[in-house]
Structures are given as C-alpha cells and as structure tokens.
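I opened the model to look up its strand pairing and its aromatic contacts. My entries are below.

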Amino acid sequence: MSWPSKPNRIGNVATACLSRRRLLAATATGSLAATAGCATIVDTLADQILEDVNIFNGTGSPRTGGITVTGPTGETILDTEFAVEADTDDEETDSSVAFADVFDGTGGYGVAVDLASEDGIRGETEFETDLEVDAPEEEHIIVGLTPGEENDPFEVFVIEQFTDIGDQLDETQT
C-alpha cells in the first residue's frame, strides 16, 4: 500500500510539523535549564511545540504509515496518514509530526499505528494500545518510533510536561 506524502485532515484536526531545529533548540534549552534547576522553563517552551498527538521518528530511516486515535466514546477522532523523515543531524529535516485538537475530553483513548510494510522497524509494522488522558488541556500522547535492538519499535505514552519524556522512556526500557 502506498501512503500519501502529506497527512489528511479530519474534522478540526490540523497537522503541524515540529522541525528538527525547533526540537533541538527546545532540547538544548531544556538541558541547560534542567541543569540550572529550571525545568519549568523547558515545559513552558514545550507547551508551544507539542500538540495533542505527536509522532517522533528516532530511527535512521524515513517512515510512512497511518495513525488512528479513538476517543473515550469509541468514536474515531483521528484517522490519517503520516510521513516523517529520518532522525539525522540535518537541522532542516522534520523527524516528527504533530496533530492538534484531537482530544475531546477525559477518558480512554485508543492509539493504533500502522507503518507501511517497507517502513517496518525490525519487521514490526503495527502497534495498538489504550491510554488514559486525565487532563486533555495539559497532556500529550507521544508515539516514538525507536531504533536499536534493545528497544521496542514503538513507544507510546501520555505526558503532561516535556521533561516527562525521559522518565517515560526510562520506565519502558527497564
């Protein structure tokens, strides 16, 4: 199956790409602020970058696929294709994509990711999970496409603050 190069829009869901440059700037600022004891600054900056649903490609290859999110009532609230570039040192490359205005209240959300067969990670092309979103105005779903044999190909979790990403990754890798 061939996936379009641009995400579709469903309802009021707008897509916005997070450029590698913006992510690196936020991460660098975050590292500096965290070491200075100012993680609040990082989280404030990240709130301007993160959307309701965020896909980050940490692999060295571009990935295409589809993502479906169902809301607390079981209704499909996001059903779109995506394309993310490889995670490289090129500052102009977008290795992430974000989707705004997805959440429609508190409760359980289903997330299903289906990579194109040629874009599978170590042979894995599909992942599905249920997550709880307790504070839709403050929380974000993170979908990480991860490299390395020791990692699961898909890391999917909910965070409230950008600095929570490290904690979540530590939990999933132990």
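These notes go through the strands and then the ring pairs.

I worked on a predicted model, where local features need pLDDT of at least 70, side-chain atom pairs count only at pLDDT 80 or more, and totals for chains, interfaces and linings use all residues. Residues are numbered from 1 along each chain as its sequence is written, and side-chain values use heavy atoms, with hydrogens and water left out.

**Strands.** I took helices (H or I, at least four residues) and strands (E, at least two) as DSSP runs, numbered from the N terminus. I counted two strands as paired if DSSP finds at least two bridges between them.

I looked up S3 (residues 63-70) and found that S3 pairs with S6 (residues 107-115) in the antiparallel sense over 6 bridges. Isoleucine 67 stands opposite valine 113 in S6. S3 also pairs antiparallel with S4 (residues 76-84), over 8 bridges. Arginine 63 has valine 84 in S4 as its bridge partner. The hairpin of S3 and S4 has 5 residues between the strands, and glycine 74 there takes a positive phi near 90°.

I then followed S6 to S7 (residues 126-133): the two run antiparallel and are joined by 8 bridges. Alanine 112 stands opposite glutamate 128 in S7.

**Rings.** I paired rings of Phe, Tyr and Trp (its six-membered ring) if their centres lie within 6.5 Å; planes under 30 degrees apart count as stacked, over 60 as edge-to-face and the rest as tilted. The count is 2 aromatic pairs. One of them, phenylalanine 127 with phenylalanine 154, is stacked, at 5.6 Å centre to centre and 25° between the planes. Phenylalanine 127 lies in S7 and phenylalanine 154 in S9 (residues 154-159), so the pair ties together parts 27 residues apart in sequence.
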